[in-house]
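Some labels used for a protein model rest on cut-offs.

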Amino acid sequence: MKWLVLIWLVLAPAAGLADGRLALVFGNDRYDHLRPLANAGADADAVADTLEALGFEVLRERDRDLRRMRRALEDLEYDGQDAEVVLVYFAGHGFEVAGDNRLLPVDAVTGSIETLIEGSLSLNDIRTLVARIAKVGIVLVDACREDPFVASGAGRSGVALNGAQTRPGFAAVDKAEGTLVGFATAPGDTALDGVDGHSPFASALIRHLATPGLEVRSVLTLVQQEVYDRTRGDQLPYVESALPRLFFAAQAQDQLPERERLLLAMAGLNPDLRAEVEKAAAAANMPLAPLYGALIGAGLARESADDRARMLIDAARAYTETRERLSNLAAQDAEVSRLRDTAAERLDLGDFSGAMAALDLAAARDRDSGTQLEANLVARRLSEAESLTLKAGVAKTALDYPVAVAALTQAAALHAGIAGLDVADADRRKRTWLLADLGEIHRRLGATDAAMQSYSEMQAAALARLAAAPDTHEAEYDLAATYDRIGEVEVLQGDLPAAQSWYAKAYEITARLVALEPDNQKWQRGLGVSFFRAGEVRFWQGDLQGALTAYSQGLEHSQRRAALAPEDAALQRDIAANHTRIGDVNIALGEGIAALGAFRAALEISEALAALDPADAARQRDVSVNHGRVGVAYQALGDLPAALGAYQDSFDIIEQLLTKDPSNTGLQSESAVGQGLIGQVLEAQSDLPGALRAYQASKAIQERLVAQDPSNGVWGRDLSVTYNKIGGIKRKQGDATAAYAAFQASLATVQRFADRDPSQATWQRDLVVSHYNLALVGPTPRAHYSRALEVVESMIEKGILAPPDAFLPGLLRKKLDALPPGSP
C-alpha cells in the first residue's frame, strides 16, 4: 500500500526560519518484506522539486527504515520551530487497523498485527507533532490500489493477523483545530498508483501546488477534481479542513485558466449531476471533463433530467466525432499538426476556449500560407476548413452552437471558393456533410429558414459531386439524405405536400440502392426511415389509407431486418413504433379490433425492452405510451373497465418517473394527458364529478406548460381538448355559462394553431369540434354551425377529411336546417 501524506503548517513569524518554508519529503520504494512500489520515489522527488521552486527548504529522505524516519521527524521538530511553513510529505506503503492509520518504513515486518504496529508510524502521531510546533497543519493521504500484504496487485483487502483486519484504505479522521486533513480518495477506498511515473494524486499536486493566487484549500479542490477527472470518477480525494487562516503558495494573477475554473466549478455540483455526467461519459468511453464543461457552461443543471441527458449525449457525440477526426487527420504543415494536437489535449481537459484558440491559430497559418498556385491553394484551403470544422466540433461539445455555426459557415465558404478547382471526391463529400451539420445546428436553434438554406447548398454540393462521379453509390445516398433533410424542414414549416415530394425522392434513391446492395445496413436503415416518414406525412394530411400502407411497409421492413439481428434493441423499437402508428391509423379509421392488436404488439415489445434495462426512463415511457394506446382501443370497443385499467397503468408509470424527475415538462404533459384519458372513461361511466376532477387536474398542468411555451403546438392542442372536455361536463350538469366559457377557451387556442397550417387535418377537425360545441350552448348557433361546415368543406376539397368523419357535412346541414329562420 502506498500512502502520500502532505502536511502544511503556517506559522506566525518569529525566530529561526521566521520567514522561510521547510519541507521534509519521504519516498519509500524498496521494501524488504513487502511488495516494492514503482512510483513512490519518483513522486517524492517531483513533489520536492515543486516545493523548492515555491521557496521551500527541502529535506529529502529516500527508502528509510523506522529508525531513520523517526530521526528525520525529530530533526523536523527541532529545525521547524517558528518557521512560516513546515511541510511533511510521505510516499510509500500504509494501512489502517481499527481506525488507526499507519505509515510503513522499508524494514516493516508482517509477522503479526502487533509487529506491524510496532514497526510503523502513526499518522495521528505525526499530526500531533506538527500541531505542537505550528499553528496550522495540513495532512493529505494517497493510497495506491495494491495491497502491501499480498504478492500480487489483485487484492484490495488486507489480511487478518491475530484476529485483526488490516485494510489498504485509510480511516476518516476528525477535524482538529488548525489542521487540514485530506485523503487522495474516500475513506476506506484505495487509490491508483499511476501508469505514467506518478500517482494521479501526486501528478495533481505537482500540477496545482503552484497555481497563482489560490488559497491552499482551493488548491486542494483543484487537486480533488483533477484526480477525479483523470481517473474518470474512480477516485475522488477527501478533505477535512479546520484551518483558521489563509496560505497562498504562489502569487495571484488576474484570472485562472479555463481548466482550473472548470475544476473549481465541478466541486460545487451535487452527486446526482455527477452521476449523470459519469453515466454519459462511461457510455461514450470518454473523459469526464468535456461533459462537465458542457454541463456547467451551458447551464444544463436548469434543464429537466431528460433534456439534460439528451444534451449530454449530444455533447458526448460531438466530442467523440471531433476527437476521432483530430486523431485521424494528417496535415502537411508540422506546425498545423502540433496545434491540432494541442487542441486535442485541451479538449480532453474540458478547456474549450484553449482548444478553439489552437484551432484558430492552425486555420490562420493555413490562410496566411496559401498561394495562388492551385495545388497549394487547394491543400491549404482544405486544411483551413478542416481546422474550422474541428473548432465547430469543440463548440458543439461545449453546446455553444452559435460559435459552431460561425465556424462551419466559414468552412463552407472555403469549400465553395475552391469548388471549381481540382478537388478530390473525398473532400467534396466533406463539403456535403459539413453543410448537413450546419443545417442541423440551425434547426436546433429554431432557424428553419437558415436550415433550409444550408440544406439547399448541401443539395447543390451533392448534385455536383454526383455529376463528377455518376457511378458512386455513396454520392447517391448522400443526395437521398439531403432530400430527407429538406423534407424535414418542409414539415417544420407546415408545407406537407412539399415534404411528401422530397421524401418520395429520397425513397426512390434509397430503394434503388437497397436493391443493388441488400446487405448494406446503412441503406436498409434509410429505407425504413423513408417508410415511416411517408406514413407520418400522409397521416397528418388525413390520407389514412396511404399512411397505413407506409407504416405497414416500414413494419415489414424492420421485421425482416430484425429476423437477422434479433438482439438489436433499436430495430425492436422501430418495430414497436410502426405497430403503434398502425394502431393510431386504425383508430382513426374506426377499426378498434385491428388497433387493439397493433397496440398490444407494440406494448409487448416495449415491456420486453424495459425488462432488459428497468432504469432506462425512455423505455419505461414507451411502456406507458403503449398502455395508454391499448386503453384508447378498449374505449373505442366499448370496454370501459379495461380501458380505465390500461389508462391507470399508463398514468402510474408516468407518476413514478415524475417522482425522480419532477421538472421534466415532457412527463408533466404526459401526466396531464393520462388524467384526461381517465376522466374520459369516468365520464362515459356517468361519473361526472370524478371526470371533472380529472379534467381540471389535467387543465392545471397544461395551462402552466402552455404559459411556459406558447408556441408548442402539442401542448396547445392538449389544452384545447381539455377545455372542450370540461365544457362537455358543464353542459351535462346544466351549467351553460361555464360550458360556453370552456368552449370559447378551446376555440381561441385551436384557432391560433390552425391558422398556422390550414392543411393540418387534426387542427382543422378540432376547429369543427369547437364551433359545434359553441353552437350547442352559445347565443349564435347558426354562425358556429356555418363556420364548422365551411371548415369541413375545405377539408373535403383538400382531401384531408378522414373517412370516419364523412358524416359531418350531413350532420351540420341538418343542424342548420333545424334552426328557426333568422336565428343568429
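Q: Why is L719 called buried in this predicted model?
A: L719 has a relative accessibility of 4%. Buried means under 20%, so L719 counts as buried.

Q: Where does L719 lie, and which residues does L719 touch beyond those up to four places away in sequence?
A: L719 lies in helix α27, residues 713–732. Leaving out residues up to four places away, L719 touches K699, Q702, E703 and V706.

Q: What makes α17 roughly parallel to α19?
A: Helix α17 (residues 473–492) packs against helix α19 (residues 521–540) at an angle of about 25°, and their axes are 12 Å apart. Angles under 35 degrees count as roughly parallel, so α17 is roughly parallel to α19. The crossing of α17 past α19 is left-handed.

Q: Which residues make the contact of α17 with α19?
A: From α17 come H473, Y477, D484, E488 and V491, and from α19 come K522, W523, G526, S530, R533, V537 and W540. These residues divide into five nonpolar, three polar and four charged.

Q: Which residues have the most contacts inside the largest nonpolar core?
A: They are L291, Y292 and L295, in a core of 76 residues. Helix α14 (residues 401–417) gives the most to this core, eight residues. Apart from this core lies another, of 64 residues, including L87, L123, V141 and A184.

Q: Which residues is L295 in contact with, leaving aside neighbours within four places in sequence?
A: L295 is in contact with L269, L273, V277, L300, A301, R308 and L312.

Methods: Residues numbered from 1 in each chain as written. Predicted model: local features only at pLDDT ≥ 70, side-chain atom pairs only at ≥ 80, totals over all residues. Heavy atoms only, no water. Axes fitted to C-alpha atoms, helices over the stretch in contact; angles between N-to-C directions. Helix = DSSP H or I, 4+ residues; strand = E, 2+ residues; numbered from the N terminus. Parallel < 35°, antiparallel > 145°, perpendicular 65-115°, else oblique. Left-handed = near helix turned anticlockwise from the far one by under 90°. Contact = heavy atoms within 4.5 Å. Nonpolar A, V, L, I, M, F, W, Y, C, P; charged D, E, K, R; others polar. Core = buried A, V, L, I, M, F, W, Y, C linked by side-chain atoms within 4.5 Å. Buried < 20%, exposed > 50% of the residue type's maximum accessible area, 1.4 Å probe, protein only.
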